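Dear colleague,

I am passing a structure on to you, and my notes on what was found in it follow below. Please read them with the model open beside you.

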Amino acid sequence: MSARPLVEVFREIAAQYPQSRSAILPALRMAQERYGWLPDEALEEVGAGLGETPAYCKAVASFYDMFHLTPVGRHMVEVCTNICCGLRGAQGVLEAFESELGVRVGETTEDGEVTLRAVECLGGCAWPTIVAVDHRYRQDVSTEDVPLIVEELRSGDG
């Protein structure tokens, strides 16, 4: 990404849409890539670039799972909790990750390395329970798989 101020980039993106407000998702994505999450400063930049308020930007960002309004770890572990995964042990998998990582859902490990999240759906209903580790999907995950997944993640193989 260029070193140009994000506000300028957002204005250029907004010019490609019939209404500048329509550029909110790509602008939020770019801001999150720059900051690692969406602090108030990032929301202010997005708003300034699109002619919207930071509050509007925060409202949109809070609706989508892919945006983070608090700092997150270098790695992300997301466990699908939708009905298919739920029926195949998602809660147990989530609890196993909590135990292995020493954090609760929505928290980041003390070393800042791993954030654990429960998500509504990862779109892998045919292979539950689905776990995304840094956006790479793992299928048919059971509680027995969790220690190895965490070990791989911590060793850099995950």
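Is Glu 52 buried or exposed? Glu 52 is buried, with a relative accessible area of 19%, where buried means under 20% relative accessible area, exposed over 50% and partly exposed in between (1.4 Å probe, protein chains only).

Please keep in mind that this is a predicted model, in which local features need pLDDT of at least 70 and side-chain atom pairs count only at pLDDT 80 or more, while totals for chains, interfaces and linings use all residues. Residues are numbered from 1 along each chain as its sequence is written, and side-chain values use heavy atoms, with hydrogens and water left out.

Glu 52 forms a salt bridge with Arg 21 (a side-chain nitrogen of Lys or Arg within 4 Å of a carboxyl oxygen of Asp or Glu), and their closest N and O atoms are 3.2 Å apart. Because Arg 21 lies in the loop between H1 and H2 and Glu 52 in the loop between H3 and H4, the pair ties together parts that are 31 residues apart in sequence; helices here are DSSP runs (H or I, at least four residues), as are strands (E, at least two), numbered from the N terminus. Arg 21, at 38% relative accessibility, counts as partly exposed.

A second salt bridge joins Arg 117 to Glu 78, with the closest N and O atoms 2.7 Å apart. Arg 117 lies in strand E2 (residues 114-119) and Glu 78 in strand E1 (residues 75-80), so this pair ties together parts that are 39 residues apart in sequence. Arg 117 is buried at 13% relative accessible area, and Glu 78 is buried at 8%.
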